Every structure is written in C-alpha cells, then in structure tokens.
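Visitor: I have the file open beside me and would like to go through it with you, beginning with the overall layout.

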Amino acid sequence: MAAFDEKEYTQAFDWSIWKRLFPILARFKGRYLKMVVFTGFTDLLDAALPLFQLYAVAHFIQAGTLEGLVPFAAAYLAAILAESVLVIAATRQTMHIEMYLGRDLRRDLFQHLQTLSLSFYNVTPVGYLLTRITNDTNRIAGNLAWGLNDMVDEIIYVVSSFAIMFALDWQLALVVMLVAPFVAALTVYFQPRILDWNRKVRKINSKITGAFNEGITGAKTAKTLVIEDQSIRNFKDLTGSMNRSAVRAARLNAVYIPVTLFFSTLTVAIVLLRGGWLVKEQVMEIATLSAFITYAMNIFEPLQRMANNLAEFIAVQASIERVTGLLDETPQVTDAPEVIEKYGDAFSPKRENWEPLAGEIEFKDVTFRYPDGGDNVLEHFNLKIPAGATVAIVGETGAGKSTLVNLACRFFEPTEGQILIDGRDYRERSQLWLHSNIGYVLQSPHLFSGSIRENIRYGRLDATDAEIEAAAKAVSVDQVVAKLDQGWDSDVGEEGDRLSTGEKQLISFARAVLADPRIFVLDEATSSIDTQTEQYIQSAIDHLLRDRTSFLIAHRLSTIRKADMILVVRDGKIVEQGTHQSLLRAHGYYHDLYSKQFAEENAVKVLGA
Amino acid sequence: MESQMKLTPKEKTAMILDQLRGNWGYFAGALILAWMNTACNAVIPQVISVTVDSVLGSKEPGLPGFLQALLPLDRLRADPWAALWMAAGAVVLIAAVRGVCIFGMRVNMAKGSEGFVKKLRDSLYGHIQRLSFQWHTAHATGDIIQRCTSDVEVIRTFVCNQMVEVLRTGFLIVLYTGIMLVMNWRLALIPLAFIPVTGLASGVFYGKISARFQVADEAEGELTTCAQENLTGVRVVRAFGRERFEIDRFAQKNDRFSALWVELGKVLSVYWASGVLLVCLQIMAVVVAGSMAAVNGDITLGDFQAFVIYNSTMAWPVRSLGRVLSEMSKAGVSMDRVGQILRAEEEPDHPEAKSVKLSGDIVFDRVTFGYEGQEVLRDVSFTIPWGSTFAVLGGTGSGKSTLVHLLDRLYDLEEGQGRVTIGGVDIRDISREDLRRQVGLVLQEPFLFSQTIRENIAATRPDASDEELRKCAEIACVDEAIADLPQGYETVVGERGVTLSGGQKQRVAIARMLLQNAPVMVFDDSLSAVDAETDTKIRAALKERMSQATVILISHRVTTLMQADRILVLDKGRVADMGTHAELIARPGIYKEIYDIQMSSDDRALVEKGGEA
C-alpha cells in the first residue's frame, strides 16, 4: 500500500543500457548518415567564411586594388547560399530522426503496455506510465537526434577551425590549443554542478505547482478550519526556498561564464601579443592576424557547448533506463504458446477457431493470493455457477469484493486450483477469447473522448448506427441523447467529464448491451443519482441480467435481491453464501448489512423526489 | 462572468509594476551592468583598430582628446613590444571588467526575477486563500491552477527575459550603429538597412509559425489524452478485448503528431536557414563594400576590421529581437487571466467585527437566501438550544447545506434576508475567523492535504500532543485504521501518498475537526461513506466525551436522526416540520412517511423477525 516511489537514477555511464537502443537506431542509419554529411559540410563552410574576410584584406585592401572583386563576391555569395541550403537539409534530417524515433519508441512502449497484467496496473500510478510514454521518449528522441547533431556540429566546427588556424600559423594555433583544455576543464567542473542545482530548482518548482494545486483544491476546507494564514506561511516558505536555490544556481552560472570568458580573452591577448610582433617583424600579414583572432574568439563557445551537450547527453541514460525497464516488464497472465498457436494473441486473434461460450463458470479448489504478497484471500474455494445465473457479491467498501470477478475474468489467475468455463480450464483458451465474451460496467464508468456513438461502438466495433441506437434505447441512453445539442455525435469530453456520473453509467451499459456478452460484470455505483436516472439504470440492469451469467458487485437492495446466489465478503474472505431469504434467516453478517442498508435507502427514496 | 473581463493596458502595467515593487533595484542594476558589458565589448574592436592602424601602422588614432593624451604614442612606436603589451593588457583588462559586469548582471537578474516571481506567486496564493467560498464554488480548480502556474510562467518570461532582452538588445543596436555611423556613415547604411529587414522577417515569420506550433501542441495533447484514457481505462480495454483497437488508435494519433512536427520542422528549417542567409549576407555586404571603401581610402584597415566586428556582433541579436517581440505579444492574455484573479474581491469583514466567545442559543430568524438568482431558503426560522443535538433532514436541493454554510459565514446574509444570531449576537458582527474557529464543520466531501495524517489532524493546532491527537482519532473511529497503515500517523495521504477510502477520509476529517475543540460542531452529511455501525459508534463516543458541545447533524439515516434532541425537516428551502422524534412520528409528514415505509415493509418484518430470533 506504500506510496509509489519513483526511483532516482544517478548511475555512471552504462554502455549496456545504451546498447538497447541500437535496434531502433538502426532503422535510421541512412538518415543519420545524411545528417552527418549535411551538418559536416555546413560547419566546414561556416568555419571557412572568415577566410573571405582575410582574402579581402590581403588581396584588395592591402594591395590597394579592387581587381577580382566580382568573382570574389560571387564565390562568397555561393558559399553563403550553399550553407543556407545545407542548414535546411540538415535540420530536416535531424527533425525526421527526432520525430520518428520518438514515434517508434512511443509505439513500442504503448503496445507493450497493452500486454501487461492488471496486477501491474494496480501498483503503478497512471501518471508514472504517462511520463514514460511522453516525456522520456521525447527526451530520448530529442537527444539522439539534436544532441548527436549538435555534437557532430561542434566537433567538425572545432576541428576545422583548428585545422585552419594551424594552416595559418601553427605556433599561434598551439597557444590556442593549450588554453582550450582549461576552458573544457572549467566546463566539466561547473556544468554538473549547475545541472545539479537546476534539477533542485525544478524539483522545488514542481512542489510549488503541487502547493498551488492543493491550496486551491483545499481552499474551502482551509476556510472552515481557519488555517489560511498557516497555509500562506507554508507557501511562502516554499517560494522562499525556491528563491534561494534559484539564486544559488544562477550565481554558479554567473561565475562560470565570466571565468571562461576571461580564459578565452586571455588567449586572444596572447595571440595579439605574439601575432602583433610577427606582423611588426613582417613575418605575418595583418589580415592573417585578424582572421586568427576571429578564430581564437569563436572557438571557445562551441567547446563549452560540447562539454555541456555531453553532460546532457549522458543524463538521458536515466530516461532510456526507465523506458527499457518498462519494456522489460513481463505480463503476469500469459497465454501458453500452444494456446496462441490455436486462438491467436491479443493483436491477431484467430477468431475462426474460437468456440462459442455458454457461460458456465466453475471455481474448482481455488486458492488465491494477490501477487504483491499478503495472505491467501481464497482457500480451496469451490463454486459452480450455471450458465445464465446471477451472482451478487456484497460486503463493505474495501472488503475485497472484486477478487472473484478478477479471477473469473482472468485478470488474475488462481494461485492453485482451476477455473473452468463450460467445463474446460480457461487457460486452455486465449485471454482475448474470454474477454471478448465479457461485458463490464465499472463503478466509476470509464468513457473515452469522442462522441457518444463512438463510445457505445467500443462494445462492438463493426456495429451499424442502427444497432448502436437500438442498444442505446434498450438502456434509455436515447433519453440522455435527446437532451444534447449534437445528439449522438455529442462529444463526451475527456474521460466523459461533460456528462454526469449517471449518464456515463448509462452509456457504459449501452456499450455492454451492444457487445452482447455471455458474461456480464457490474460493479455498481454507490453515488446517489437523481431519481429519474436511477430508474433508467435499474431497468438497464434488468435488461442486461437476462440470460447472461452475471456477477454483481452490488450495493442496492433491489439489485441484490435479484441474484440467484449471494456471496458475502468480509475482510477479504467469503463468509456467507446463499440466497437472499436463506441468508436473512441465518441472521448472520448479511442480515446486519442488509438492515442498515435498508433504513438508509428508504430515507433517500422519500426525500430524493 | 467577472473572471472573463479583460484588463486595459494601463491596468496590466499597474499590475506588473505593483508586483515589481521591492525588486526594482535588482532589475535596474542588472540592466545597467548589461549595458556596461555591451559598452566594454564595443571597446575591443577599437583597441584592435588602434593597434593595427597606429601602432603597427602609422596613422594618427582618431580617439577623443583625453584618451589621446593618455596614449604615449611616440614611445609606443619606438617600443612596439610595449605597445603590444599594452594592447593585450587592455584586452585582458576589458575582459576582467566585463567579467565583473556579467557576474553582477546575472546575480542581480536572478535576484530580481526570482523576487518578482515569488512576490507574484505569494500574492496569488494569499489572495486565493482569502477569496470567498462563493468564488471557489464558481471557479473550476483546474483553470485556476493553470493560471497560477503556466500563466505566471508566461508573465515571468515576459518581464524577466523578454523585456530585459529587448532593452539590452535595443541598447546594443543603438550603441553599435552609433559607433558605425561615426566611423563611416555611408558604410553604416548597410547594417541600418538590414535591421528592419532581418527583424521584421524574423518577427513575421515567427508569428506565422506559432500558429503551426499550436496545432502541433494540440496534437500532442490529443496523443497524451489518448494514452491517459487507455491507462486509466485499462480494465475496460481488457474486458472488451480492445487491445488491437487501442494500439491502432494510439498509432494514428502518434503518426499525426509526428508528421505534424516533421512538417513544422520543414518550415522551421527554412526559418533558421533564412536567418543564416540574412546574417551572412549582411556580413558579406559589409566586407565587400568595406573593401571598396578601404581601397578608395575612405577608411583605414583598422577601422575596416573594427567595422566588420561591430557589424557581425550586431547581426544575430537583431534577428532574435524580431522573434522576442513577436512572442511578447502573447503575454497579454496571461496577464488578463492572472489579473482577473488578483482583482477578485477578498472576503470582507466589517471593521467593528468583534471577537466573541460563543455561548447561547443559535437562532435562525426569518432567513431567506439564494445565489445566482435561485432561491434556496425561504423564511426559515428555528432555534438550536445551546448544548443540544440538532438534526436536519432534507433531500438534495432542500437547502440543508446552505444552512450550515450560513452559520459558518461561508456566505453572508444581506439586509432584508433575515439574520442568524448566537447568544443574541448577529454573527455578521463576529469576526469571521473567530466564528469559524468556534464552529467546527466537516464538509460533505472533506479535503485532506498531501501531508502526513498527523499533520492533517493537527491542522488547526500543530502543537497538539500525541495523546490529544489519538483521543480525537479514537472518537472518530479511525485510530485503528491509521495504526494499520505502513507508517501509522506519519503516513502521507492524498495526491502524493496513500489513497484512503471515502469513509476513512471522512473519519480523519472528523478527527481533525474534533481537535479544533469547537463548542459548536457541524456534520454536513459527513458520515455518508461510513457504514452505519461505525456511524453509531462515532456518535456514541461523541456524546460521551463531548457532552457539552452543540452538535448539528445533517443525515439521511433515520437511526442517526432519531437520537437528536430536535429534528428539522427541510423541504425545498422551507421548514416542513420540526420536533422530537416522538412528536414527528405522531403526525403525518415526510419524517413519518420514511418511518412508515420501514415499518410496513415485508423485508422489515423479516429483519425484525430475524432480530427476535
């Protein structure tokens, strides 16, 4: 039950993690090659541009003639145009890699998540998974495209600049080369520290967002408790610590930048000193010196960026680890190879081999405990449910009423024993075969963004509009639709939030009706719903129970009474079993539950109108 | 709705200036240091120019008189080493000054902008805490949170990055073009001509792209929603066997999102390339025209080189200025959204409001009340004797919660709407805080903060002892449940911690209220998610250990209601009936109806038979 902690990843570079990406990266081999070529040539040109200035000084200004100016200008222009075109080409390749690499990662991850068991989902928060699918894949793709591109860009620029400097004057070039490592070392020293502080700042920032969330959601409660002042003080403490950390991070940066600037200027000064002497001695041209100064000034920025990018690039390892970690999760419930052979898997079912399902369910000597540990919640449990029967499961909130349903639906498998459907162990058939025969209506109904029609169609994808409307009418969804401007095509909003809980419930009933399942599971809502909708829901339930093997996780007396068999759950165990009448006569726990529930429901009924 | 109103530019400026108060110095300091840095940077090309022309060459330097006097030119010419040392020393010295400027600028900037954003956040948070109950009821939480986070971020960028960037770059452009104009005005016409072209092209282009950015962002939102719905609805997906369908749906959105970005990338690549093209063209134009001017003797070699440096230093910032200006135009919307919150009125309390120790009967005297044009209560009068237990029965929309909200002054009655008095004092004359401290209220859907259970229960009295804490938890029947949690009272609950069941939440909220030690305690249907058995236990414990308190119960449970000293039956905002349990079942009415249904039911008979057996 402990809160889900996100692991911190701060390990050193680990090659084996990166290797995992190779199969995906291999798909982009051609693109990478083009990216390197285009970016490389862009940088060669970029590094060569100051040479035009050198040429202008040497050949026109110092010689005092404008001869050859036109071809010079033409060549200069050609170089600029070529560079611009290359920028376009390189950008497009990189963008392509980034987007499609990200797409492939997201796709693989999403597809894998569809195969994982519900036990996995029970312990993993949705937010965590969502961050993996969105942020981490984006970061990986961004870095493996732009991060690599930038590194190629910087390396080629630096190398070609040095090459030119060596060609101009190797001794001066050596001076520059000697200072360069200092700047690189400074960057290597400062960058991780700056990154570290920035991470702290980001963490506090997300705390501030959390505090806003809480302060706004809890404002009414804060008011009734008169703790506004306390809450405001706490918030100010938080923004205060944000302020300190952010200023701290900025100060570190504020030191780093001038210090590296100073070093690079020192280089320029040395070049000026030595080069000036050489010019005075007429060993070197003034033009060469000024070109040299240009190079010496320009080379440090890419050097710094290189160190910086490298640090960020390595930091992506954590994202890769998280994503591959998720891809390594194995489903708890799997179909045996021979089952897949015959019935197909979740993605390519062989429906032609599926037997029809009648709906008889038998628990045979079933012992079960949840995979995340704890006691056995079922021990040597036996129960035979004839096809078409209705089983109600009652008990207080949190008593473990879902366990039987989870087992019957094969969301979990028995630890020991068997569950037979139509007389055969359900593990002999595919999960999809069973799931395609189940209709499931949840306590908090889940809808998808899209129209009402699309949501109902989820029950049977090839249903015609007429069939959808018929199914909807059977459970009074047409009454809901009539109130909406767009009718059947009304958008239900994200997770259906434009509709009331009752309306969402009705639509999820319609979805189940359309699916026409042999097994029907209803996890009944406790929330009070207006009388009219309540009536619709009652008749919808009647409609759905007809001729199907049904499990009701029920709260309402009216629903419970309809059951052929009632199982009473307390503290995770089944404590009583029987019909409504026999259980009342037994005067046990069910009797207790029932009498309390009864008093309440009647009061609501009278008042509610 | 008032929150949709737009602010005039004057109001927006006033708002920003108000939030800037206290941090002006930092911003001014940062700006001045930034300008000094730019100015220092402008000196370096001059050093190079003088060195080239007057030390290595023989031209008289065109420096201002006092500088010229400082420069021992003859000696320098005689001793070129000294001259070079001097030039190199000047470069290093300038770098040192620049280093100090940059350091100071960055530190000031950080202090200024962090101070600004802290002030803005603090005022928002504080203001929101003090806004009325009604305001909180009328506004969607998600939207308010968005305004406090994303919109604040936009405003921060606007003030701390974009404004400063514009002022900095503006100065750079003015200074550099000024220098170039002085050096050679004809040559300076080239960069002058490029400024509007580059800036405008960048701004307009960027404006165009941002529409596409929005489309791509929306596609990303859809993709995220799709994944989120799939993950939260995993049971539905599995139960219907819709894995294939989900994968296809996700793939389609994934493809669309990626394709949109690749398309956007094509436009962006042109945008970037056009930047490279324009900037390089500007440099090239100066190199070519400068060469011609130098050959014609219009400028010296040193000036040519200095000119080239000024020109290329200026070219990129002009381009980024265009983008920044185009982005800045978006900040107005965010200022509207934040300004609307800051302008909403806080809960008023009239100045003579007293601090009173509550005691005496609670009287609702001809109370008529409604909000948003809908009448909720009509002419409601009743008295709750001090120290008694009072119960309210009513259906949805009967106005029963409003009664409680009025008593806690979450809403105030206006003139002519009747009055609520405690011990004869109109509650509007009692200060809000004082009143609320003495009226403990558990809301229907109580909110627990993302803190430990201890901190939650001790919210009103952080210094409460463990013993007191546990006593309250025991009365609320939640002590055992807490002990079962992994870290007991230190377990963090809420969004970042363990999720409690509805009943557990309600009981923790009751414990929290009990610790408040209020003489008046109100339970607004706050045991609805607790099973009936526990409900009875809690009320018994309350009666035993807090017998002095005035208790107001709102409930659907007859078993709960019947134990009150008095029961008020509320129907559609009017008093339908009032009396003791015995009185109420002796006459026809809603209360008796409920009771009768129970008595006449076959099932009830069966239950009772079972009970006798």
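Visitor: How many Å apart are the C-alpha centres of domain 1 and domain 2 of chain B?
Guide: The two C-alpha centres lie 52 Å apart. Domain 1 of chain B takes in residues 1-165 together with 331-347, while domain 2 covers 362-579, these bounds coming from an automatic or database domain assignment.

Visitor: Before we go on, what sort of model is this, and how are things counted?
Guide: This is a predicted model, in which local features need pLDDT of at least 70 and side-chain atom pairs count only at pLDDT 80 or more, whereas totals for chains, interfaces and linings use all residues. Residues are numbered from 1 along each chain as its sequence is written, with chains lettered from A and ligands numbered from 1 in the order in which they are written.

Visitor: And chain A, how is that divided into domains?
Guide: In chain A, domain 1 is 9-169 plus 316-332, and domain 2 is 170-283. Their centres, again taken over C-alpha atoms, are separated by 24 Å.

Visitor: How many residues of those two domains are in contact?
Guide: Four residues of domain 1 of chain A are in contact with six residues of domain 2, where contact means that the C-beta atoms, placed from the backbone, lie within 7 Å. The domain 1 side of that contact holds three nonpolar residues, one charged residue and no polar ones; here Ala, Val, Leu, Ile, Met, Phe, Trp, Tyr, Cys and Pro count as nonpolar, Asp, Glu, Lys and Arg as charged, and the others, Gly among them, as polar.

Visitor: Now the helices of chain A: at what angle do α4 and α6 pack?
Guide: Helix α4 (residues 69-113) and helix α6 (residues 126-168) of chain A pack at about 150°, with their axes 8 Å apart; axes are lines fitted to C-alpha atoms, for helices over the stretch in contact, and angles run from 0 to 180 degrees between N-to-C directions. That angle makes α4(A) roughly antiparallel to α6(A), a label given to angles over 145 degrees. Residues in this contact include L101(A) and L105(A) from α4(A), and I140(A) and W146(A) from α6(A). By class, the contact has 13 nonpolar, six polar and three charged residues.

Visitor: Back to chain B, what is the strand order in the sheet of four?
Guide: That open sheet runs β2-β1-β4-β5 in chain B, with antiparallel pairing, two strands being paired if DSSP finds at least two bridges between them. Its edge strands are β2 (374-384) and β5 (425-426), each of which pairs on one side only. Strand β1 (residues 362-371) and β2(B) are joined over seven bridges in the antiparallel sense, and V367(B) stands opposite V380(B) in β2(B). Helix α13 (residues 400-407) of chain B lies across β1, β2 and β4 (419-422), running at about 115° to β1(B).

Visitor: And the sheet of six strands, which strands are at its edges?
Guide: The order in that open sheet is β6-β7-β8-β3-β9-β10 of chain B, and its pairing is mixed. β6 (439-442) and β10 (574-579) stand at the edges, each with a single partner strand, so one side of each has no neighbour in the sheet. From one strand to the next the twist averages 15°.

Visitor: Which way do β7 and β8 of chain B run, parallel or antiparallel?
Guide: Strand β7 (residues 520-524) and strand β8 (residues 550-554) of chain B run parallel and are joined by five bridges, with M521(B) opposite V551(B) in β8(B). Helix α13(B) packs on this sheet as well, touching β3 (389-394), β6, β7, β8 and β9 (566-571) of chain B, and its direction makes about 150° with that of β7(B). Helix α18 (residues 502-515) of chain B lies across β6 and β7, running at about 175° to β6(B).

Methods:
Helices (H or I, at least four residues) and strands (E, at least two) are DSSP runs, numbered from the N terminus. Angles under 35 degrees count as roughly parallel, over 145 as roughly antiparallel, 65 to 115 as roughly perpendicular and the rest as oblique.
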